[in-house]
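Visitor: Please take a close look at one part of this model with me, and then go on to the parts that can be discussed alongside it. I would like the cut-offs behind each term as you go.

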Amino acid sequence: MKFRCRMVDVVAMRDFTNIVNIISRLTRQCTLRISPNELCFSVADDRRSMVWAELSQHHFFIEYIMNGVTEEQNEIYLECDAIMLSRSLSSLRMTAKSVKIKLTNKRQPCLTLEIELPSLSIESRQCLHDVPVRVIPRREWPEYQAPNIPEFNISVDMPNLKHVRNIVDRMKNMSPRLTITADKSGMFVLEIDTESATVSTHFQDLQVWSCSQKDVDDDKVSASIDIKKFYTFLAWDILHPESVKCNILHEQMVNLYLQLADHLKIQYFIPSLAT
């Protein structure tokens, strides 16, 4: 197995760092799937997919070399400490000139980061980090495949994430539970119930991409979810996505799909809470 890549673009390094930072807030351990065309970060919650992030290697890396386990199974699966990886990438905020990421063996498998920093002298400074990883054997690969996407009852554009984040920031201090409702007219509602009141925010005329009333008794599709998990998703606004869709499987799941051009796709799954 071999893996080596290099980033020099400031925006690519910033986005990569932000992606890992957000993942590190969700979990201690994450999975990294390396393939010839993309890197995929995944996070599972109770063995169910919570986050699946696909990064196009053509956008992020000026150099990208990988050889998988075999020619037929040309992939590498790694389990790594997301918090340690995030801390190692923090040097990129110091106007780094480039970063190399390599799969190495230093008594144990590691992702070695070689970060080139600017210097007042002719020679650049170099910052080196080793992040221990576990190479996931092929027999376990089926547990780390892309999540199955169900047929949702409705798919609707999300309102501006920054606006939604400001609203939910206040709501999460009032209730641990958030109900999201949408309908075929483009209505999108965020609602919480407290002992003294029901608080809701309504958005209208949003783009509806699909709508199926199968297994739904009325015109509205809704799901009640953990408000903190939804609030954490809103941190992806730092990437300035081109589009974000909210997909709802009635009373079962909310799926949030974020896309940035053709080089970043993120699926975020939040299961419904028991009534």
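Guide: The buried residues of helix H1 are Ala12, Met13, Asp15, Phe16, Thr17, Asn18, Ile19, Val20, Asn21, Ile22, Ile23 and Ser24, where buried means under 20% relative accessible area, exposed means over 50%, and partly exposed lies in between, using a 1.4 Å probe and the protein chains only. The model is a predicted one, in which local features need pLDDT of at least 70 and side-chain atom pairs count only at pLDDT 80 or more, while totals for chains, interfaces and linings use all residues. Residues are numbered from 1 along each chain as its sequence is written, and side-chain values use heavy atoms, with hydrogens and water left out.

H1 covers residues 10-26; helices (H or I, at least four residues) and strands (E, at least two) are DSSP runs numbered from the N terminus. Because 12 of its 17 residues are buried, H1 is largely enclosed by the rest of the structure. Its length also fits expectation: at 1.5 Å a residue the 17 residues should span 24 Å, and the end C-alpha atoms are 25 Å apart, which agrees. The expected span here is 1.5 Å times one less than the number of residues. At the start of H1, the backbone nitrogen of valine 11 has a side-chain oxygen of aspartate 9 within 3.1 Å.

Isoleucine 22 belongs to H1 and is buried, with a relative accessible area of 2%. Although 216 residues separate isoleucine 22 from isoleucine 238 in sequence, their C-alpha atoms are 9.7 Å apart in space.

Phe16, one of the buried residues of H1, leads on to the largest cavity, which it lines together with Phe3, Cys5, Leu32, Leu39, Phe41, Leu85, Ile101, Leu111 and Leu113. The elements giving two or more residues to that lining are strand E1 (2-7), E3 and strand E8 (109-117). On a 1 Å grid over the protein atoms alone, a cavity is a set of points where a 1.4 Å probe fits but cannot get out, whereas a pocket is an open set with protein on both sides within 12 Å along at least five of seven lines; lining residues have an atom within 4 Å of a point. The volume of the largest cavity is about 70 Å³, with grid points joined across faces, edges and corners and the volume taken as the space filled by probe spheres set on the points. A search of the whole structure finds one cavity of 30 Å³ or more. Its lining divides into 10 nonpolar, no polar and no charged residues, where Ala, Val, Leu, Ile, Met, Phe, Trp, Tyr, Cys and Pro count as nonpolar, Asp, Glu, Lys and Arg as charged, and the others, Gly among them, as polar.

Strand E3 (residues 38-45) is itself mostly covered, with six of its eight residues buried. E3 pairs in the antiparallel sense with strand E2 (residues 29-34) over four bridges, and two strands are said to pair if DSSP finds at least two bridges between them. A hairpin of three residues joins E2 to E3, and threonine 31 has serine 42 in E3 as its bridge partner. E3 is also joined to E4 by eight bridges, the two running antiparallel, and valine 43 stands opposite valine 51 in E4.

Two loop residues complete the tour. Glutamate 140, in the loop between strand E9 (125-135) and strand E10 (154-157), is buried, with a relative accessible area of 18%. The side chains of glutamate 140 and arginine 134 are joined by a polar contact of 3.0 Å, that is, a pair of N or O atoms within 3.5 Å, of which, within protein, one must be able to donate a hydrogen and the other to accept it, residues adjacent in sequence counting only if both atoms are side-chain atoms. Arginine 107, in the loop between strand E7 (98-105) and E8, is exposed, with a relative accessible area of 91%, and its phi is near 70°, a positive value in a residue other than glycine.
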